[in-house]
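Me: I am new to this structure and would like to go through it step by step. Could we begin once it is on screen?

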Amino acid sequence: MIKQLLITSLLLAQVNSAQAAEQSENRLRAREAGLVVGVFEPGVYNAITDVDGVLVGHETVIEGDDIRTGVTAIIPAPGNLYTHPIPAWVTVGNGYGKMIGETQIREFGELETPILLTCTLCVWSAANALKEWVYTQPGMGEHTVNPVVGETNDGRVNNMWADPVQRQQVFSALAKASSGVVAEGSVGAGTGTQAFGWKGGIGTSSRVLPESLGGYTVGVLVQTNYGGYMTINGAPVGRELGTYPYRDQLAPTDDGDLDDGSIMLVVATDAPLSSRSLDRLGFRALMGLGRTGSYASNGSGDYVISFSTHPAVRKPRVSESPVAIEELVNASMSPLFAAASEATEEAIYNAIFKATTVSSARGELRAVPYDELIRILEKHEVLNWDVSVPR
């Protein structure tokens, strides 16, 4: 009997995973549906991988009736990141979180390992696995390393207390990391996460500046799990759907808490920036977050990990002589600020658009009804701005 239950549970998990993948393929990304954000053009893939050298891999973990989670790996640059780290910074919007590796990044202004995103109570096992992975890289000796792992709480549909993300899942996500198209929605670290009380997940977007503004690329990847007043290109979608914070105090509802939650944002650029400039860039990503309706509630962990891949700012870890670097001056930052805000906003919309309903024995997170979402956006005339609004 127990064996049969295990087999049934495994089959259900496989069916749920297959259905989620199929549903995601049938849901358009925001821009494909006519939702154009900002004025700058996206890159070829409209993803963080448009920044040359950045790789992304997912491992989705759906097991039994209560495991709905995963891990997403971002490899920011080729080569050994420990021996040749890259400039980075962690910008904190609201610090209610369990991010690992933050303080050393903020001390040195450098990133020396890939970045993992996962579930809240999975961060320590994931960090231990990432540490082990780093030691397998060419040129490593017996050094201490600073694994970087961010998280959001997917406990509404996932039994994160079972610590379901281990070495196997982390190594798999890193092995799958590639350039090109990035899977979005209910995948990897976004498998069990939400946005504004609806299903959210992984989203990504990019912007390429014109040559007259430097020609640099900015890419953003998000793991949404936060609340607020869902706003899309200015349209009050959350209010139209009747799902928004404090509604219970204004009119009775059974929708539960739509206030708290968290978001991880990863910002990559090929512009030559110092860690100080990357901190400034991170704050602009938070401005893009704010445009979607977040106000960074008390229980929200809002972290931005920003890094530059430009070869001119990548230094060796050890050097007996000073190392010269090139970097943009402050007055050249404004176009990058705009690009980061735009890409962040669109990445979040992509997470919502591509997300599929996920359920378990613990509960259910429903995807925003696609047709209703489009109806609301059409009503507020926020689609196809690239042709309906003069540049």
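**Salt bridges and a helix**

Reply: In this predicted model, E372 counts as partly exposed, because its relative accessibility is 29%.

Me: Which residue forms a salt bridge with E372?

Reply: The partner is R375, and the closest N and O atoms of the two are 2.8 Å apart.

Me: Where do E372 and R375 lie?

Reply: Both belong to helix α9, residues 370–379. They are 3 residues apart, about one turn of the helix. An α-helix has 3.6 residues a turn, so residues three or four places apart point the same way.

Me: Is R375 buried or partly exposed?

Reply: R375 is partly exposed, with a relative accessible area of 37%.

Me: How far apart are the closest N and O atoms of E346 and R31?

Reply: They are 2.7 Å apart in this salt bridge. E346 lies in helix α8 and R31 in the loop between α1 and β1, so the pair ties together parts that are 315 residues apart in sequence.

Me: And what is the relative accessible area of E346?

Reply: It is 0% for E346, so this residue is buried. R31, by contrast, counts as partly exposed at 22% relative accessibility, because buried means under 20%.

Me: How many salt bridges does the count come to?

Reply: The count comes to 13 salt bridges. One of them pairs R29 with E184, with the closest N and O atoms 2.7 Å apart. R29 lies in the loop between α1 (2–26) and β1 (55–63), and E184 in the loop between α4 (167–176) and β7 (194–195), so this pair ties together parts that are 155 residues apart in sequence.

Me: Is E184 buried or exposed?

Reply: E184 is buried, with a relative accessible area of 6%. R29 also counts as buried, at 15% relative accessibility.

Me: Which residues are buried in α7?

Reply: The buried residues include S277, L278, D279, L281 and G282. Further along α7, A285, L286, G288 and L289 are buried as well.

Me: What covers the buried residues of α7?

Reply: The cover includes the strands β3 (86–95), β11 (262–269) and β12 (301–308), together with helix α8 (334–354).

Me: Which residue just after α7 takes a positive phi?

Reply: That is G293, whose phi is about 115°.

Definitions and conventions
Residues numbered from 1 in each chain as written. Predicted model: local features only at pLDDT ≥ 70, side-chain atom pairs only at ≥ 80, totals over all residues. Heavy atoms only, no water. Buried < 20%, exposed > 50% of the residue type's maximum accessible area, 1.4 Å probe, protein only. Helix = DSSP H or I, 4+ residues; strand = E, 2+ residues; numbered from the N terminus. Contact = heavy atoms within 4.5 Å. Salt bridge = Lys/Arg side-chain N within 4 Å of Asp/Glu carboxyl O.
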